[in-house]
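This report describes one protein chain for a reader who is new to structural work. Please view the sequence and the model together while reading.

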Amino acid sequence: MDNNILVKLFATVDGKAPAKVVELPSSGSNRRYFRLTDADGHSLIGVLGTSLPENRAFIYMAAHFAEKGLPVPTVVAVSDDEMAYLQTDLGDSVLFKEIEKGRLTRSFSTTEKDLLVKTIRLLPKVQFAGAADMDFSVCYPTTSFDRRSVMWDLNYFKYCFLKATGLEFDEDRLEDDFQKMADVLLKTDTDTFMYRDFQSRNVMIRDGEPWLIDFQGGRRGPFYYDIASFLWQAKANLPDSLRQELLGHYLEVLQEYYPIAADEFMKCLRHFVLFRTLQVLGAYGFRGYFEKKPHFMQSVPYAIANLRALLSEPYEEYPYMTELLRKLVDMKQFTDEIGKKRLTVKVLSFAYKKGIPNDTTGNGGGYVFDCRAINNPGKYDRYKPFTGLDAPVIEFLENDGEVTDFLEHCYALVDSSVSRYIERGFTNLMVAFGCTGGQHRSVYCAQHMAEHIAKKYNIKVELVHREQDIQQTFNIKE
């Protein structure tokens, strides 16, 4: 279908033909979008659909949601065959783009966080107020989130992603766990609108407020699915601290519609997060492996990282699937990619008289702590043969107590950086301790810092006592 029908529709609404028609980039669907603009700069978005029921679903939902006071585009004209329509132009500002800096750095600005908060606080109104008096029979391709749709998505993952990786598995045992997952998900049924693809690419920002698009695939279903879709969207790359903050905002608004305890909410939500993660991996596999669209494959490492984090706490309801998914995330093609983004902390001791160590990673160094204010055992002859690794020096420093207070402050500073570096995907941090000779105080502090980090975080720690020519590596515990 060409865009002539859109030009004719525009003329019936605007009174004149558009001066400019520009096709907009498409995403994962076969629908085509155009921006039609008249000579005065007034514009509308034209849509050429490929499915009549899908078009009808959008047209109905747009009118219904607008009636409920939800921020959605208005359909202003529809072709006689309902295969083309015009809607109001919400501009070009997409939430996914508006949070781009945060997505790339995992450090979200106040402005980016505010947009995310506004969006997540809007979601309960979409789900509950949007469902009021809704005719779910118009939903496409199905009216509700049922066993058939659950199994379709799980098999989408199995056939379009899992099999494509080459991983061997027992289909009967996996199918048993798929059925168990369907049982769990369907127990949480609520009489609400399930957007199904509620994610930052489907939220427009207009005058600083979120507006909703691409809701035509919605249906009656549990509200948990949309939270999982939004907060665990693979390339949104949200750090867990921000995700938990946004969950708090959602829960606060949810109480107005559906009072629920936080622990019960989280217990149910984790199953939908796993389900949604498998569903999107299926979509990435289909679009990437089969349709040869490389940008979908670029999202796979993010989804695998989400899956790996989810599996840190076992899903006892699905033992075989959990075992299989752990094998999946540990496949070399995925571990190699994630390994590139793992943090290594290098901890050093040194003598100031020989200079502060250089950062060989090229990142400009990190923390340099001056230990010279701590009482020095080196001024006593009996400690001169020993280092900060030897019992006599350790006993001297710890009995004196200054080093303990000093390290507690150092731990707090370094821990905060390590946590943020991990969240943001940074790969290197240097922590150096200096004293007069690089033998006693700095060695003790560097050794304890390296052991502290290795115990608290599952990351690689490289320890170097420069003046003692001693090196030690604390490796990741797989």
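## Charged side chains

The chain carries 58 positive and 66 negative side chains, and the centres of these two sets are 4 Å apart. Here Lys and Arg count as positive and Asp and Glu as negative, while His and the chain ends are not counted. Each charge is placed at NZ of Lys, CZ of Arg, CG of Asp or CD of Glu.

## Basis of the model

The model is predicted: local features need pLDDT of at least 70, side-chain atom pairs count only at pLDDT 80 or more, and totals for chains, interfaces and linings use all residues. Residues are numbered from 1 along each chain as its sequence is written, and side-chain values use heavy atoms, with hydrogens and water left out.

## Overall architecture

The chain contains 17 helices and 14 strands, taken as DSSP runs (helices: H or I, at least four residues; strands: E, at least two). Its C-alpha atoms fill a box of roughly 100 × 60 × 45 Å along the principal axes.

Among contacts (heavy atoms within 4.5 Å) with a separation of 6 or more, 72% join residues 24 or more positions apart.

## Surface and burial

Of the 478 residues, 51% are buried, that is, under 20% relative accessible area with a 1.4 Å probe, protein chains only. The accessible surface (Shrake-Rupley method, 1.4 Å probe) is about 22,000 Å², and carbon and sulfur atoms account for 49% of this area.

## Cysteines

How many disulfides are there? With a disulfide taken as a pair of cysteine sulfur atoms within 2.5 Å, the count is zero. C410 is in no disulfide, and the nearest cysteine sulfur, that of C445, is 6.5 Å away. C410 has 2% relative accessibility and therefore counts as buried; C160, at 12%, also counts as buried.

Notes. Buried means under 20% relative accessible area, exposed over 50%, partly exposed in between (1.4 Å probe, protein chains only).
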